[in-house]
Amino acid sequence: MSEPKRAPVDFFIKMHSALVAKNYSTALDFCKAILSFEQTNETMMTFHELLTKKINMMDEESDSTDSSRSKSSLSESDNDLI
């Protein structure tokens, strides 16, 4: 019997480093790479789900911040007209 394919240890190390640096997109990329080798790794499946949620939350926060800035800029422009 052949052993199941294992992801390179380097992928785990780089994913960990990305998590420590709060670089969630890079961590997700390494998580996906690990899952391509280890499709049944439950820990990586959980990380994938959590990282995806975190990235989506950050995107939503960024969108609402951008929207607030736009409204703020418009209000300031309106005051300049008065």
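The paragraphs below lead from the helices and the nonpolar core to a loop and then to the aromatic rings.

This is a predicted model, in which local features need pLDDT of at least 70 and side-chain atom pairs count only at pLDDT 80 or more, while totals for chains, interfaces and linings use all residues. Residues are numbered from 1 along each chain as its sequence is written, and side-chain values use heavy atoms, with hydrogens and water left out.

Helices here are DSSP runs (H or I, at least four residues), numbered from the N terminus. Just after H1, Lys 22 adopts a positive phi of about 60°.

The largest nonpolar core holds twelve residues, among them Met 15, Tyr 24, Leu 28, Met 44 and Ile 55. Such a core is a set of buried Ala, Val, Leu, Ile, Met, Phe, Trp, Tyr and Cys residues joined through side-chain atoms within 4.5 Å, where buried means under 20% relative accessible area, exposed over 50% and partly exposed in between, with a 1.4 Å probe and protein chains only. Helix H1 (9–20), H2 and H3 each supply at least two residues of this core, and the largest share, six residues, comes from H2. Ile 55 touches Tyr 24, Ser 25 and Leu 28, leaving aside residues up to four places away in sequence; contact means heavy atoms within 4.5 Å.

The loop between helix H2 (24–37) and helix H3 (42–81) contains Asn 41, and Glu 38 is found in the loop between H2 and H3 as well. Glu 38 is buried, because its relative accessible area is 9%, and Asn 41, at 16% relative accessibility, also counts as buried. Their side chains are joined by a polar contact of 2.9 Å, a term for a pair of N or O atoms within 3.5 Å, of which, within protein, one must be able to donate a hydrogen and the other to accept it, residues adjacent in sequence counting only if both atoms are side-chain atoms.

Finally, Phe 11 and Phe 37 form an edge-to-face aromatic pair, 6.0 Å centre to centre with 65° between the planes; rings of Phe, Tyr and Trp (its six-membered ring) pair if their centres lie within 6.5 Å, and planes under 30 degrees apart count as stacked, over 60 as edge-to-face and the rest as tilted. Phe 11 lies in helix H1 and Phe 37 in helix H2, so the pair ties together parts that are 26 residues apart in sequence.
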